[in-house]
Amino acid sequence: MSAEGSTRAVITALGANLGIAVTKFVAFALTGSSSMLAEAIHSVADSSNQALLLIGGKRAERDATEEHPFGYGRERYIYAFLVAIVLFSLGGLFALYEAWHKISDPHPIEEWQWVPIAVLLVAIVLEGAALRTAVQESNRSRGRSSWVQFVRRSKSPELPVILLEDTGALIGLVFALAGVGLTLITGDGVWDGIGTAAIGVLLAAIAIVLATEVKSLLVGESATPEHLRLIRQAIVEGRDVPAVIHMRTMHLGPDELLVAAKVAVDLQDDAREVTDAINDAEARIRAAVPIARLVYLEPDVLRKGG
């Protein structure tokens, strides 16, 4: 997945959410709708999240240092995890609190009744455009994977985060539209509170999914099955390395893979021949899987039975 494509999707979503947030706050100020306030805070949370993703991507580009010899690629995972925290607290919990407040003390929308409907419809169009951009960029690397598989298996956090956020935003807008619409039709403000509660539950659920997936990346995930296959194939393609005894891989970032393996060599080879075999195998690995930036191969003798 290209970093350029991820950045484009993040910037598109950021621009859309900033504009939407302003209009939602104006609509809340005019109508007092709790659904509009929840949606406004939701857009602020999403805008903050996209800013966090951009910061994480920039910080991850720093060169390795003596203190951090494997670089800063995991900064992208850390900032993506912060996104889940912001979405859960600022988006989900605030919406649930506002829903409780509105249901406890319901009141109808008496002024500027057309404003929230108009704002929500415009927001749906803008969010749909942002989601379309994220889908287009994701399709460049998704391959034949389903959307669920893409979100769960992607090693790059930005596009899965944007996909979930924008999808949640569209569903949340439908909840808000239903809550506001029923409040206007019935004159009962409880519907506005129910719509707000639905938004809160939705955002909390998305935040939990995001936190779970990003936590796995933070702990350290191995290469994809396809990359594992290519790496093993590249190692044994040379005549001097007949087998892989065992291998471990771990993503140091979305675009940086650590490969450590013990490989079999001929017992009769001298030191120069073993060294050449290892160097050639490392070169083949990097050619087959370019993100395999750090490769450590240890020669050993293949013993009977293992």
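The dialogue below takes the cores, a helix pair and the sheet in turn.

Tutor: Please note that this is a predicted model, in which local features need pLDDT of at least 70, side-chain atom pairs count only at pLDDT 80 or more, and totals for chains, interfaces and linings use all residues. Residues are numbered from 1 along each chain as its sequence is written, and side-chain values use heavy atoms, with hydrogens and water left out.

Student: Which residues touch the most other members of the largest nonpolar core?

Tutor: A nonpolar core is a set of buried Ala, Val, Leu, Ile, Met, Phe, Trp, Tyr and Cys residues joined through side-chain atoms within 4.5 Å; buried means under 20% relative accessible area (1.4 Å probe, protein chains only). Here the largest core has 42 residues, and L53 and L210 touch the most other members. Among the elements giving two or more residues to this core are α1 (3–31), α2 (34–59) and α7 (190–219); helices are DSSP runs of H or I with at least four residues, strands are runs of E with at least two, and both are numbered from the N terminus. The largest share, nine residues, comes from α6.

Student: What does L210 touch, leaving aside residues up to four places away in sequence?

Tutor: Contact means heavy atoms within 4.5 Å. By that criterion L210 touches V83, A84, L87, V161 and L164. A second, separate core of 22 residues includes V244, V274, I278 and I285.

Student: At what angle do the axes of α4 and α6 cross?

Tutor: Axes are lines fitted to C-alpha atoms, for helices over the stretch in contact, and angles run from 0 to 180 degrees between N-to-C directions. The axes of α4 and α6 come within 9 Å and cross at roughly 160 degrees. That makes the two helices roughly antiparallel, a term for angles over 145 degrees.

Student: What is the strand order in the open sheet?

Tutor: Two strands pair if DSSP finds at least two bridges between them. The three strands have the order β1-β2-β3, with mixed pairing. β1 and β3 (294–300) stand at the edges, each with a single partner strand, so one side of each lacks a neighbour in the sheet.

Student: How many bridges join each pair of strands?

Tutor: Eight bridges join β1 (residues 244–253) to β2 (residues 256–264), which run antiparallel, and a hairpin connects them through two residues. Seven bridges join β2 to β3, which run parallel.

Definitions and conventions. Buried < 20%, exposed > 50% of the residue type's maximum accessible area, 1.4 Å probe, protein only. Parallel < 35°, antiparallel > 145°, perpendicular 65-115°, else oblique.
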